[in-house]
Amino acid sequence: MMFRFSLNSLTTRIIILGTVLLLVGALGRVVFLTDYLRKDVTELTSAQLLTIANYVAQDVDRDIIVRRDFLAHVAKTFPLALLGKPQALQAWLGERHDLNPLFSRGLVVLDTNGVVISDYPALPERVGSSASDRDYFQQALRGKAAIGQPILGRAAGIPVLPMAEPLRDDTGKVRAVLVGISALQSANFMEALYSTRIGHSGGLLLISPRHGLFVGSSDPGMILAKTPPAGVNKLHDLTMEGFRGTGITINAKGIEELAATASVPSADWVVVARLPTTEAFTPVARLRQFVLRNTAIILPIFVIFMILMMRHLMRPLMDTARRADRMTLGEIPLESLPVVRKDEVGHLTAAFNRVLGKLLESRAELTHIAHHDLLTGLPNRKLLADRMKLALARAQRSHGKVAVLFLDLDGFKPINDRFGHESGDLALCEVTRRLTSVIRREDTLARVGGDEFVILLSDLGAAPEAAVTSVANKCLAVFERPFLLPHQSCQLATSIGIALGDGDSDQDRLLIAADQAMYRAKEAGRGRFCWA
Ligand SMILES: Nc1nc2c(ncn2[C@@H]2O[C@H](COP(=O)(O)OP(=O)(O)OP(=O)(O)O)[C@@H](O)[C@H]2O)c(=O)[nH]1
């Protein structure tokens, strides 16, 4: 059975339905799985980013606190008497710095006008320069320790973080300001910020919301750059307003990213850990590709499998339909089909066989009705003609004889008239029973008219006249006994015309001859037989 594409075919429809279901299932899996995994990956990655942000924030905080405490300790032990002795002051600073070199760009002492009076290590043109405009100086002059705005250092031209501590006399008056300067990208400062990697395209940012600056970044080009203005990056805006946590946002470059923020309390800074979603959701994209690629591979295999399976399942059905077609065209006889399987097709075939059985029964019944007399059940004129044809053919082969006895009842009409039609019917049935008893099984008794019967005697051997005469006499004899009808009994007789023929005889002529002989018997006085 070849597969032909036709929308009217059950096979095609089932294959289309299966294919659509497979595609819908695959797309559903892609959509729901992607959504589900995106949420999962978002949660997991956000948690990881938050952990990294917290870790880096703590590292930065620790570095700031260590430097702040060191500066406070140095300030506490600062000998004010050295303020007028620059060289001795520089040596004193050098001892402290060498002992604990936390500030990579050194220690500096400013007078109350903000002018550098000593530094260690000594940098060209640092002594004598003024820092009076710097926020850390202003704040230290007011008596408070300060973490200044990260700036591009005047001396070396690199990004630095200045931290200041007021130097007071016994009365508490600020006499000078001690400043520690750290290069933002020095080896022992904020190491976690620069050594931590987040995927291939992610990174870390250290922001000073107060100054609107990037203090540190995995991308060195961003250090000391201004943070984006409000409205560009929603999560950044929230972070600047104090939000700490995780979120998904579009950054200033238009890239969607997952981000987590953590505070650096000592400096009032924020660490941001971020990862573009294209990288974070790589497993999701790969899974989606995997499902789609798999579907593309499975689909043709599925269609081929469905075609083969449907061919296998539908074969008995198609065979049944084909054989039924041939039966209706008359190419093969009407007969039961084999029930191959015990499935729906087998059920249908069995049902078809039952319908066919009924049809054959009805046909046999119709054939019987068409060839028999309804009242007596005897062969009618049509079946008699068939039997005569066969008998004559046989006679021709065997050079034998056939005889036709044409019987017409005598005095039948009065029975009808006197006792009614039903009694007449009963009499006809009784005549049939009695005539049947006098002929051989292979002979034929037919009813050819109201009260007319024909007996066909075939395969008559030697002396056929004697045999026929014997039968005719027996026929006359069966009428000698009265016919018992309901509440009545009556007498009947018959007149018989006999025609004898052989293989060359014409069957119609034989019948006519017998019929005419029967009339002669009637004319001769009834209740007798005459030869044609
Ligand atoms: N009850 C019954 N009567 C039938 C049937 N067929 C025909 N007849 C009747 O049979 C009768 C036949 O007519 P006739 O042959 O003239 O009757 P008959 O009295 O035998 O006359 P003869 O042959 O001259 O002796 C008619 O009255 C028909 O109505 C039948 O099936 N049943």
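I work on a 1 Å grid over the protein atoms alone: a pocket is an open set of points with protein on both sides within 12 Å along at least five of seven lines, and a cavity is a set where a 1.4 Å probe fits but cannot get out. Lining residues have an atom within 4 Å of a point. Points join across faces, edges and corners, and a volume is the space filled by probe spheres set on them.

The model is predicted: local features need pLDDT of at least 70, side-chain atom pairs count only at pLDDT 80 or more, and totals for chains, interfaces and linings use all residues. Residues are numbered from 1 along each chain as its sequence is written, and side-chain values use heavy atoms, with hydrogens and water left out.

I looked up the largest pocket and found about 450 Å³ of space. Of its 27 lining residues, Leu205, Met222, Asn251, Glu257 and Arg274 are the closest to its centre. Strand E7 (203-208) gives the largest share of the lining, four residues. I sorted the lining by class: 12 nonpolar, 11 polar and four charged. Here Ala, Val, Leu, Ile, Met, Phe, Trp, Tyr, Cys and Pro are nonpolar, Asp, Glu, Lys and Arg charged, and the others, Gly among them, polar.

The second largest pocket holds about 340 Å³. It has 22 lining residues, and the closest to its centre are Arg126, Tyr136, Arg154, Ala155 and Ile181. I count 14 nonpolar, three polar and five charged in that lining.

**Cavity**

I found one cavity of 30 Å³ or more. Its lining includes Arg68, Leu71, Met163 and Glu165. Strand E5 (159-168) gives the most, three residues. The lining has six nonpolar, no polar and two charged residues.

**Helix H1**

Helices (H or I, at least four residues) and strands (E, at least two) are DSSP runs numbered from the N terminus. I checked the length of H1 (residues 10-76): 67 residues at 1.5 Å each should span 99 Å, and the end C-alpha atoms are 96 Å apart, which agrees. The expected span is 1.5 Å times one less than the number of residues.

**Aromatic pairs**

My search of the whole structure gave three aromatic pairs. Phenylalanine 78 and tryptophan 92 have ring centres 5.2 Å apart and planes at 85°, so they are edge-to-face. Rings pair if their centres lie within 6.5 Å; planes under 30 degrees apart are stacked, over 60 edge-to-face, the rest tilted. Phenylalanine 78 is buried at 8% relative accessible area, and tryptophan 92 is buried at 10%. Buried means under 20%, exposed over 50%, partly exposed in between, with a 1.4 Å probe and protein chains only.

Terms used
Phe/Tyr/Trp six-rings, centres within 6.5 Å; stacked < 30°, edge-to-face > 60°.
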